[in-house]
Amino acid sequence: MNASEDPIGPAQSAPDAQAAHQPQQAQSGALLLDVRGIDVGYGDTQVLWDVSLDVRRGEVVALVGANGAGKSTLLATISGLLRPWKGEILFDGNHIERMSAAQIVRHGLAHVPQGRHVFAALSVEANLKLGAYTRRAGSSRAIAEDLDRVYHLLPALFERRNQLAGSMSGGEQQMCAIGRGLMTRPELLLIDEMSLGLAPKIVDDLLGAIDAIHRQENLSFLLVEQDVQIALERADRGYVIENGHTVVSGPGPELLTSAKVRAAYLGE
Ligand SMILES: Nc1ncnc2c1ncn2[C@@H]1O[C@H](COP(=O)(O)OP(=O)(O)OP(=O)(O)O)[C@@H](O)[C@H]1O
Ligand SMILES: [Mg+2]
């Protein structure tokens, strides 16, 4: 796709701090995501049992656990890719457990799936604009403003806006996938295994970008991480999931010092 074929049109300008900043109106601390008693699985195989979790507005919540524990399954259920067998999911007070994934995105909940899927043969900017197709308000002017906002939050994407996404490094592709999620104007961003396979320096950069987005936009995050240390030291709160059950939850730094977590995940 080149700019002239693009139905949305090219971005008008470089990032502009004034235009990019859109302060959150909603009150911090109110319940945003409320997952209650979820059972779910694939075919006849149950993967999650009675899983509950919540995210308050403005919080960064980490979900940690071993391979196969059910972390991605839980995110897929929240974002409408899987139907729960039992339980309820409320987002900003609305039941979303029977909504389609597209409806859920329009309610302000975006999911960056595991494996940072970007469209390799499209430019960074085209990838970002694809995120905008699923959003709520879709005028080309609003989309151009949001593109500026995302470039302001993630300046590395602005520098690489014309580069093919498939030619970028793993960390840059992860940033592009996060940028695409931001283009949906989310209130809550679910990110699955952001740090997987990335060098520590790149992970630090990405976490720094998330911190900045969190501070500037009061966006809420639910971060799934296998790297328990990384996740819990940053999070306001964390949940540990083991074999499809939530086993412990609490403030991130407190969980990090819990004997159970240290024994299970940090080899102590
Ligand atoms: N599409 C699917 N069909 C059948 N079983 C699946 C499917 N996706 C996942 N599973 C199974 O569900 C269980 C939980 O998988 P899930 O991907 O949710 O775990 P995870 O905690 O995200 O693991 P990882 O850390 O490896 O990403 C595993 O036993 C897995 O084999
Ligand atoms: Mg997973």
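A: Helix 2, which spans residues 71-78, is mostly covered, with seven of its eight residues buried. The buried positions in helix 2 are Lys71, Thr73, Leu74, Leu75, Ala76, Thr77 and Ile78. This description rests on a predicted model. After helix 2 comes Gly80, which has a positive phi, near 90°.

The protein chain contains 11 helices and 10 strands. Six of the strands form an open sheet with mixed pairing, in the order 6-7-8-3-9-10. Strand 6 (109-112) and strand 10 stand at the edges of this sheet; each has a single partner strand, so one side of each is left without a neighbour in the sheet. On average, and with direction ignored, neighbouring strands of the sheet are turned by 15° against each other. Helix 2 packs on this sheet and touches strand 3, strand 6, strand 7 (188-192), strand 8 (220-225) and strand 9. The direction of helix 2 makes about 150° with that of strand 7.

Among the strands that helix 2 touches is strand 9, and its pairing can be followed on both sides. In general, strands of a sheet pair through backbone hydrogen bonds, either parallel or antiparallel. Strand 9 covers residues 237-242 and is mostly covered, five of its six residues being buried. With strand 3 (residues 60-64), strand 9 runs parallel, and four bridges join the two. Here Val61 stands opposite Arg237 of strand 9. With strand 10 (residues 245-251), strand 9 pairs in the antiparallel sense, over six bridges. In that pairing, Ile241 stands opposite Thr246 of strand 10. Strand 9 and strand 10 form a hairpin with two residues between them, and Asn243 in the turn has a positive phi of about 45°.

Of the 268 residues in the protein chain, 45% are buried. Among contacts between residues at least 6 apart in sequence, 70% join residues at least 24 apart. The largest nonpolar core has 71 residues, and those with the most contacts inside it are Leu63, Val150, Ile191, Phe221 and Leu223. One of these, Val150, touches Leu128, Leu157, Gly179, Leu182 and Met183, when residues up to four places away in sequence are not counted.

Methods:
Residues are numbered from 1 along each chain as its sequence is written. Chains are lettered from A and ligands numbered from 1 in the order in which they are written. This is a predicted model: local features need pLDDT of at least 70, side-chain atom pairs count only at pLDDT 80 or more; totals for chains, interfaces and linings use all residues. A residue is buried if 20 or more other C-beta atoms lie within 10 Å of its own, exposed if 12 or fewer, and partly exposed in between; C-beta atoms are placed from the backbone. Two residues are in contact if their C-beta atoms, placed from the backbone, lie within 7 Å. A nonpolar core is a set of buried Ala, Val, Leu, Ile, Met, Phe, Trp, Tyr and Cys residues joined through C-beta atoms within 7 Å. Two strands pair if DSSP finds at least two bridges between them. Axes are lines fitted to C-alpha atoms, for helices over the stretch in contact, and angles run from 0 to 180 degrees between N-to-C directions.
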